[in-house]
Amino acid sequence: MQSIISVNNLTKTYASGHSALKGINLEIRRGEIFALLGPNGAGKTTLINIICGIVNPSQGHVLADGHDVVRDYKAARSRIGLVPQELSTDAFESVWATVSFSRGLFGKAPHPAHIEKILRDLSLWDKKDAKIRTLSGGMKRRVMIAKALSHEPQILFLDEPTAGVDVELRRDMWQMVRGLRENGVTIILTTHYIEEAEEMADRIGVIRKGEIILVEDKAVLMEKLGKKQLKLHLQRPLSSIPNGLGGSQFEHQLELSADGNELIYTFDAQSEQTGIAGLLRQLSEHGIDFKDLQSSQSSLEEIFVNLVKA
Ligand SMILES: Nc1ncnc2c1ncn2[C@@H]1O[C@H](COP(=O)(O)OP(=O)(O)OP(=O)(O)O)[C@@H](O)[C@H]1O
């Protein structure tokens, strides 16, 4: 599939000498939702800011819809909408004026019907004449999103869009993101709420200390790196895993919950032999009865934590 963003050997060393990006290569596919995950300080915002032409790269180059973000800044930037982490709007302007003005900045002709649609989609229509400074934090964030969409960008960056927003806004936002994607907009988001990435993204990229350590289809990633767990709720609590069991082939896969009521068996989701049958046999030989059992697959969050701590 054709890339809409192409990042080539990108490095960024800040004036402080800090090396924030170390040779990033990344292709974003047209029309996808791409989640960029990484711990604090990994370089997510730096990467987004370079693609959006806010920060200059030290080396390498980026094409946005075929336009170099430095040499052909205006054309590249007009394709992109950015919802930054920080709220920054003109406090004394009205919502309508702020969003309309933002469209004008990209050299687009006024299009009141489009602005109205955005404001309605973001439940801002009632507030269109309100001054930004009178709005709540959540409403201000909606205005930031409206601004980013005002010039009908093909690419939308959402940098931590749901940090500190309530459930309702979060739900509205994801509904809107899905709608945009249906209309062909490519969406790149960073988030610390991994369950959001798990729910929304088509592909996941993980950045750590300025390097992309993984880019993968979400489903493939979950399948490849996911572990499965079998949780056995015991009839009678155990004080420890019985010797025979602990020393067996299951030694590194068995865990006892702190209250001794649950035995947790972790196994490789890929493996043909899960070992469950053998485990159940051994439990019965040890006279360990259980009243219920439950199996689960590791979440993207668990996979992510394991990846970045390595
Ligand atoms: N203007 C700057 N000057 C010097 N260092 C900077 C500057 N901006 C960012 N950094 C450093 O570069 C590194 C990457 O920062 P960046 O904001 O890109 O990370 P991030 O992945 O977005 O983090 P977070 O999840 O906390 O937003 C950090 O160590 C940060 O301190």
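Student: Where is Asp68 placed?
Tutor: This is a predicted model, where local features need pLDDT of at least 70, side-chain atom pairs count only at pLDDT 80 or more, and totals for chains, interfaces and linings use all residues. Residues are numbered from 1 along each chain as its sequence is written, and side-chain values use heavy atoms, with hydrogens and water left out. Strands here are DSSP E runs of at least two residues, helices are H or I runs of at least four, and both are numbered from the N terminus. On that basis, Asp68 sits in strand S5, residues 67-68.

Student: Is Asp68 buried or exposed?
Tutor: Buried means under 20% relative accessible area, exposed means over 50%, and partly exposed is in between, using a 1.4 Å probe and protein chains only. Asp68 has a relative accessible area of 8%, so that residue counts as buried.

Student: Which backbone nitrogen does the side chain of Asp68 reach?
Tutor: A polar contact is a pair of N or O atoms within 3.5 Å; within protein, one must be able to donate a hydrogen and the other to accept it, and residues adjacent in sequence count only if both atoms are side-chain atoms. Here the distance is 3.0 Å, and the backbone nitrogen belongs to Arg71.

Student: What about helix H10, which of its residues are buried?
Tutor: H10 spans residues 276-285. The face turned away from its buried side carries the exposed Ala277, Arg281 and Ser284. The buried ones are Gly278, Leu279, Gln282 and Leu283.

Student: How much of the ligand's accessible area does the protein cover?
Tutor: Start with the polar side-chain atoms: one of Gln85 lies 3.2 Å from a ligand oxygen, and one of His192 lies 3.4 Å from a ligand oxygen. The areas come from the Shrake-Rupley method with a 1.4 Å probe. Of the 640 Å² that the ligand has on its own, the protein covers 64%.
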